Amino acid sequence: MAHRELLARHRSVMPNWLALYYEQPIEIASAHGRRVTDREGRTYLDFFGGILTNSVGYDVAEISDAVRSQLDTGVLHSSTLYLIESQVELAEKIAHLSGIPDAKVFFTNSGTEANETALMLATQYRRSGQVLALRNSYHGRAFATVAITGIRGWSASELSPIKVSWVHGGYRYRSPFKDLSDADYVKACVADLREVIETATAGDVACMIVEPIQGVGGFASPPDGLFREFKKVLDEYGILLVSDEVQTGWGRTGEHFWGIQAHDVVPDAMTFAKGLGNGLAIGGVVARAELMDCLQANSISTAGALATLNYLLDHDLQANAAKLGNRLIHGLRSVAATHPVVGDVRGKGLMLALEFVGPAGEPNPAAAAALLEEARSRGLLVGKGGLHGNVIRLAPPMTLTEDEADEALGILAEAIEAVSA
């Protein structure tokens with residue numbers, strides 16, 4: 001009854017386009033570790049982590065204590081017009097971890113703001129309003145970031161302050177180049193990039209922005225090395241490379257701390273958010289000093305997430321993501337091998353996806369929606385996405401245990417069986 005009453009209130013005052021999961025939406029009332037409890041008392045294993053936001057789980061003492069300590073000072077916010085030691089320390093760590101030479105950091109309140117800032121920096125630095133983006137991408141919900149989002153369902157307006165040209169490469173499963181070898185796929189996408197620059201732009205493009213793994217697009221990723229080859233072409237034209245690490249940062253992919261590192265290339269700038277705050281609102285940009293300092297106007301922001309970053313590093317959660325991600329993907333592929341409704345199992349670390357298909361390989365959003373419900377009924381929360389809404393996304397907190405991974409595999413196997421019946 002509590003959920004039904006809250007849903008009625010929600011619909012009366014919140015926008016119709018604000019999506020809610022499940023036929024009977026739920027409210028998360030409390031949480032600990034990797035488990036959440038809804039308002040009606042049902043507990044679930046959380047395998048989506050607030051869309052990859054709760055990177056180290058819930059009710060973590062080290063993080064809660066740091067927040068309380070700040071509250072106890074009586075100063076929750078002083079603005080960046082004053083020195084803030086914790087912010088400087090956080091920026092120092094991120095600059096070092098970025099691998100970008102002479103890096104500087106600017107903090108924002110969200111990933112959308114971070115990407116808007118990156119676009120502002122790049123267009124100002126290059127004195128150009130032209131941007132390259134990948135098809136099937138998602139970069140945010142503000143004016144410029146909607147323009148570089150390559151999924152129609154998330155593009156609320158065709159109006160834009162920038163001119164965008166679209167490039168192949170991020171979503172391989174349904175790409176026209178899908179049947180090529182890794183090397184030939186990269187060559188075909190690089191040739192497409194060069195052709196787009198030569199035919200669809202005036203040449204003086206500001207930047208190309210990419211997600212190493214496309215988040216909302218269904219955790220889709222190209223072969224490793226693609227963006228290194230892209231960067232070679234971009235460098236010929238002086239075009240900047242921006243890596244959107246909002247979902248792939250902080251070691252979630254297991255093999256690297258940043259998703260772009262799988263491509264053996266250092267971008268000119270990276271954007272980040274989500275997992276750094278573990279539920280607190282934060283985002284930011286780390287970029288070459290020359291690029292970061294190019295603005296001539298004033299700007300301010302404030303943020304605090306040092307405790308989360310320290311926890312990630314001190315507990316080597318990147319290694320845990322690699323180990324348990326490997327355990328999960330092998331288990332999921334074993335299940336998928338006997339259930340044709342799962343067309344693809346993909347991802348890295350604790351950022352995995354199942355793409356559901358019909359008899360002819362066509363997108364099957366109904367099966368994904370059914371899986372979402374079946375998993376929930378068995379006590380597991382997962383995510384959904386993809387260009388066609390037919391992808392189930394799995395992104396548990398990086399503190400996941402082996403027992404919890406096995407528990408989730410068992411539930412997903414049962415849910416896939418139910419959807420296949």
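Guide: Confidence comes before anything else: the mean pLDDT, the predictor's confidence in each residue from 0 to 100, is 94 for this protein, and 98% of its residues reach 70 or more. Over residues 300-304 the pLDDT is below 50, yet that stretch has 20 contacts in the model beyond near neighbours in sequence; contact here means heavy atoms within 4.5 Å. Since we're looking at a predicted model, local features need pLDDT of at least 70 and side-chain atom pairs count only at pLDDT 80 or more, while totals for chains, interfaces and linings use all residues. Residues are numbered from 1 along each chain as its sequence is written, and side-chain values use heavy atoms, with hydrogens and water left out.

Now the sheet. It's open, with 7 strands in the order β4-β10-β9-β8-β7-β5-β6 and mixed pairing. Helices (H or I, at least four residues) and strands (E, at least two) are DSSP runs, numbered from the N terminus, and two strands pair if DSSP finds at least two bridges between them. At the edges you'll find β4 (103-108) and β6 (163-167), each pairing on one side only. From one strand to the next, the twist averages 20°; axes are lines fitted to C-alpha atoms, for helices over the stretch in contact, and angles run from 0 to 180 degrees between N-to-C directions.

Zoom in on β5 (residues 130-134), which runs parallel to β6 and is joined to it by 5 bridges. On the other strand pairing, 3 bridges link β5 to β7, again parallel. A133 is a handy landmark: it stands opposite W166 in β6 and opposite I209 in β7. How many of the residues of β5 are buried? 5 of the 5, so β5 is largely enclosed by the rest of the structure; buried means under 20% relative accessible area, exposed over 50%, partly exposed in between, with a 1.4 Å probe and protein chains only. Both faces are covered, with Q130, L132 and L134 buried on one side and V131 and A133 on the other.

α8 (residues 226-237) goes across β5, β6, β7 (207-210) and β8 (240-244), at about 150° to β8. Then there's α4 (residues 85-98), which packs on the sheet and touches β4, β9 (269-272) and β10 (283-288), its direction making about 125° with that of β4.

S98 belongs to α4 and is buried, with a relative accessible area of 6%. A polar atom of the S98 side chain lies 2.7 Å from the backbone oxygen of A95. Leaving aside residues up to four places away in sequence, S98 touches A103, W258, M270 and V286.

For context, there's another open sheet, with 4 antiparallel strands in the order β11-β12-β15-β14. β11 (342-348) and β14 (383-385) stand at its edges with a single partner strand each, so one side of each has no neighbour in the sheet. The twist there averages 25° from one strand to the next. β14 and β15 (residues 391-394) run antiparallel and are joined by 3 bridges, with G385 opposite V391.

Methods:
A polar contact is a pair of N or O atoms within 3.5 Å; within protein, one must be able to donate a hydrogen and the other to accept it, and residues adjacent in sequence count only if both atoms are side-chain atoms.
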